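Here are a few friendly notes to go with the model below. Have it open as you read, and take the points in order.

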Amino acid sequence: MKLNLAELGNGAEFEKAGVELPTFDVAAMQEEGKANPRWIHLGPGNIFRIFPARVAHDLLADGQHWPVTAVVPMNPEELDAQLGKHDLMTLGVTLNPDGTRDLKVIAGISEGLAWQRPADFARLAQIVTNPDVTLMTMTITEKGYGIHDSHGELSEQVQADIAANPRGFHANTMANIAGLLVRRYDAGGAPINVISFDNFSHNGDKLRDSVLTIMRGWAAAGSINDAVLAWVTDDTKVAFPITVIDKITPRPNESVADALKVLGFTDMGVEMLGRTPVAGFVNAEPTEYLIIEDKLVGEVPDFSKYGVNVTSRQVCDDFENMKVTTCLNPLHTALATVGVVLRLPTIDAEMRDPALKALVERLGWKEGLPVVVDPGIVSPEDFLREVLEVRFPNRFLPDDPARIAMDTSQKVGIRFGQTIKKYIDQGRDLSELRAIALVIANWMRYLLAVDDDGAPFEPASDPLLTELQAHLDGVVLGQSVDAHAALEPILSNPAIFGVNLYDTPIAERVEALFTQLVAGPGAVRSTLDKEMLS
């Protein structure tokens, strides 16, 4: 049994395996989707394939024509490995807390492109000019929106893209999106929604700012005229809503692949694409939220019928702040780097560690909740309780701490800096942020790339990894350390944390904790136990 168009007709075998199949003709949908595209998505990774693509699938099943043109911005091999060999379909595997699994063939994609391939980029440039295309969504991770270096200056890459032809292919992702919008304007400027589904605060605002910065650079250089800027800044023509997406979607796991093989699948193995495991299936938890600000333009689907909340900016903002800055993402990051250092295999294993469980409980209940606003969709207390008691401890959701440790430098300013700022604004006692200080100190310890036994490991990718590790050069596990000299360049950088931590008591606390954490093998374990359990 394989996942491809030819074998979809073998319904008896899929049914025997308990797999839900599409109720529509997938091949016909894909042909129609190529002829009449409606929805572009950049970065068809795991969370997209099992959530927004499933929304598109359900729309199609209801006879509504919203197929997705999926575009891979980085490695073209990703398109071939994950989607191409399965005729653009995905096997969604929902891992329930009771150990059961729900299997569904998700067929929301009509065309797959990799914009690093010139012919594919030309095709995308053609599609974006179609006035019926009203959605350009993306899941490209936080770093995909970056146009500045760590000092707040435009990166050399972006400067080169601003100096180039706006209508050409660009090295920077934001420059390419800006260029596609220029082409959209050239073709008549039909309304379009440019929507980030990435997991960080005010994603739509960041997306808009990055795109406009590049466009203003082109306007200043005379490469585009002011009418293009007027169009893209008119929110009745081009919308950049903020959104929040929430669904824990680990990398494809070998245990799931093995179970699918037992069911009869012969093409659901996990293969490595560099350091990234890829597969024709996506494993994820059942819980999911997608909140979109109600500023959409043109014709769009009735998302509310498909489990998506389209609501006011205030509600979206409150939900985003609850999730991203307090009740989920900070807890994930807290477990990520320390889990790698302690060689703990999964997030659920960390939740069975008393000190780590106490760390995230304090982080959520004691330090985060006091500055959370109830979004109304779900109460913060209920949301946090589900995270700590159901979602993170799910033994059947094999989530690797190293996955979450990726790009930590791009996350800490939102996941912890926002809480710090709220404490400052509200006049709260910053010395209460004991868990946040310990998480930051643990991250500094992680950057040494040596585990708690003294063995080296390879840190997850991070755009600032080399720069940050350079500041820690000379820090050796078990030897005396000048923590202030090593950490001051990092902790004082508001581009990383959102504030200069030396304007708070947190920096001094981080330095003291870091000194303990590098005292020798076992120091991470003993420090955690002392700080959280005594």
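**Notes on the model**

1. Beyond its neighbours within four places in sequence, A358 is in contact (heavy atoms within 4.5 Å) with M532 and L533. Do bear in mind that this is a predicted model, where local features need pLDDT of at least 70, side-chain atom pairs count only at pLDDT 80 or more, and totals for chains, interfaces and linings use all residues. Residues are numbered from 1 along each chain as its sequence is written, and side-chain values use heavy atoms, with hydrogens and water left out.

2. A358 sits in helix α15, residues 354-368; helices here are DSSP runs of H or I, at least four residues, and strands are runs of E, at least two, numbered from the N terminus. With 18% relative accessibility, A358 counts as buried (under 20% relative accessible area; exposed is over 50%, partly exposed in between, with a 1.4 Å probe and protein chains only). From A358 to V439 is 81 residues in sequence, yet 12 Å in space, C-alpha to C-alpha.

3. UniProt, in an unreviewed entry, lists residues 317-509 as "domain: Mannitol dehydrogenase C-terminal"; positions follow the numbering used here, feature names are shortened, and annotations may be inferred rather than shown by experiment. That stretch is 56% helix and 0% strand, with its end C-alpha atoms 31 Å apart.

4. How many disulfides does the rule give? The count is 0, taking a disulfide as a pair of cysteine sulfur atoms within 2.5 Å. The sulfur of C316 has its closest cysteine sulfur in C327, 16 Å away, so it is too far for a bond. C327 is likewise in no disulfide. At 0% relative accessibility, C316 is buried, and C327 is also buried at 0%.
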